[in-house]
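Dear colleague,

Please find below the structure that I am handing over to you. My notes on it follow.

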Amino acid sequence: MSYTFIAIMAVVIMTCVGIVFGFILAFADKKFAMEENPLIGEVKEALPQGQCGACGFAGCAKYAEAVVLDPDVPPNLCVPGKAEVADIVAKLTGKVAEATEPKFAHIRCRGGNGIAKMAYEYKGVHDCAAAKIIQQGPKLCKFGCLGFGNCVRNCPFHAMTMGENGIPQVDKNLCTGCGKCASICPNHVIELLPISAKVAVSCSSKEVGGVARKDCAAACIGCGLCMRNCSHAGGVKVVDHLAVVDASICHDCEEATCFAKCPTKAIAALVASAKKEEKIG
Amino acid sequence: MEYFTLFVGAVLINNFVLTKFLGLCIFFGVSKNLNASIGMGFAVTSVITMSTVLAWLLYNFVLVPFGLTFLRTISFVVLIASFVQLLEIIIKKQSPTLYNMWGIYLMLIATNCIVLSVPVISVTNEYGFLENLVFAVGSGLGFALALILMASCREKLDFADVPHALKGTPIAFIVAGMLSLAFLGFSGMI
């Protein structure tokens, strides 16, 4: 056999093999086609597509599939979507949505540049987790914001920006309360507060007062003035030298007085965000 | 007896993972959890068996008569990729339970070297149809055995006091090396 013949045969045989398998696959694809429930597609359209995973599923598509197919999956799991999306999903799937209060991320640290004292100068990778490995971070306070913006980079809705003082700022109008930033922060500085929250503590330090104050000018020193000035019993407590607001009691407080006497302004009133309700969607 | 020797040879002595170092990506990727490794092991066994039979037919009835045996690698790749795809389509429709268990592994198998090497070695040794079948089943089971052994070791390793620098994949490599040494003991058995 000449080489030309072999070459031609090789091309012919490979083409035939390819065509045969191609046809078999095309045939199988038609014959064994799966009709996907069209409802899944509709639910998927209604979700915000942030792929944040706050619902507990791996992305919006997986949640859409689960909420349509599994009767036990509630329609209100989408945190960023809030009530609007929960309503749509409930309507599409015929499930009952329970009311959920929207939340937003709150940074429990005000120890920005010049306020929190530094233990050393960090020149490594610009990453909170990396900085945390070395002596628990470059700040003297080992509880506060590390300031390298892991939360800012990981916010699926671009609601966070790094402030000039080295502490991230949350745009409440963009924040959906998905909690991705809270889970990524190595110091757990970020907490999710209900939108109706009146006051919040902006410090995470559990050091005793003297040490906390030495480390950072904006620290909660655990003096307990807020606790004594709370107009409702037990709305604010001091736990581990740190003031903690009990959201269940603080909820209905009309005129919050607790923060007025705070010597370091670690506890402060939150600015009401009326715009929040309009924007969503 | 001849078939038995071939079978034992494929499972233990020439174990594809531990003596020929093929299919290592699945071996390390899916050996973290015993249940997953059992599923994967048997998925690979069935895919190897079926694709080796098909490859044998393709080789002996199409490539040999036309004198095109040099095309075996590329034609086997096409065959295996299409076959796994076909299997996935069928399983997805026919048995969603099986698809949930195996579906994610099937695509991994499609491009795996062990699935390609079994038919290639089989035709290079000029095995007959039955020999080919026994060799394929043996290779698959050998792979499953290695994977299950490895997964069992790694599940125990999670609770062991491993030095910090060796945690995770590094210690898995060391364990694989030791398993491989142990399997070396089978050589010369036949």
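Predicted model: local features only at pLDDT ≥ 70, side-chain atom pairs only at ≥ 80, totals over all residues.

Residues are numbered from 1 along each chain as its sequence is written, and chains are lettered from A and ligands numbered from 1 in the order in which they are written.

Helix α4 of chain A covers residues 82-93; helices are DSSP runs (H or I, at least four residues), numbered from the N terminus. Its buried residues are A:Lys82, A:Val85, A:Ala86, A:Val89 and A:Thr93, where buried means that 20 or more other C-beta atoms, placed from the backbone, lie within 10 Å of the residue's own. These residues lie on the same side of α4(A), because they cover an arc of only 100 degrees around the axis, taken from the directions from the helix axis to the C-beta atoms. Their cover includes α2 (38-46) and α3 (60-69) of chain A. After α4(A) comes A:Gly94, with a positive phi near 70 degrees.

An unreviewed UniProt entry places the feature "binding site" at A:Cys141, A:Cys145, A:Cys151 and A:Cys185; such annotations may be inferred rather than shown by experiment. A:Cys141 is in the loop between α5 (128-133) and α6 (150-154) of chain A, and A:Cys141 counts as buried because it has 28 C-beta neighbours inside 10 Å. Beyond four places in sequence, its contacts (C-beta atoms within 7 Å) include A:Asp215 and A:Cys216.

Yours sincerely

How values were computed: Helix = DSSP H or I, 4+ residues; strand = E, 2+ residues; numbered from the N terminus. Expected span 1.5 Å × (residues − 1). Buried ≥ 20, exposed ≤ 12 C-beta atoms within 10 Å, placed from the backbone. Contact = placed C-beta atoms within 7 Å.
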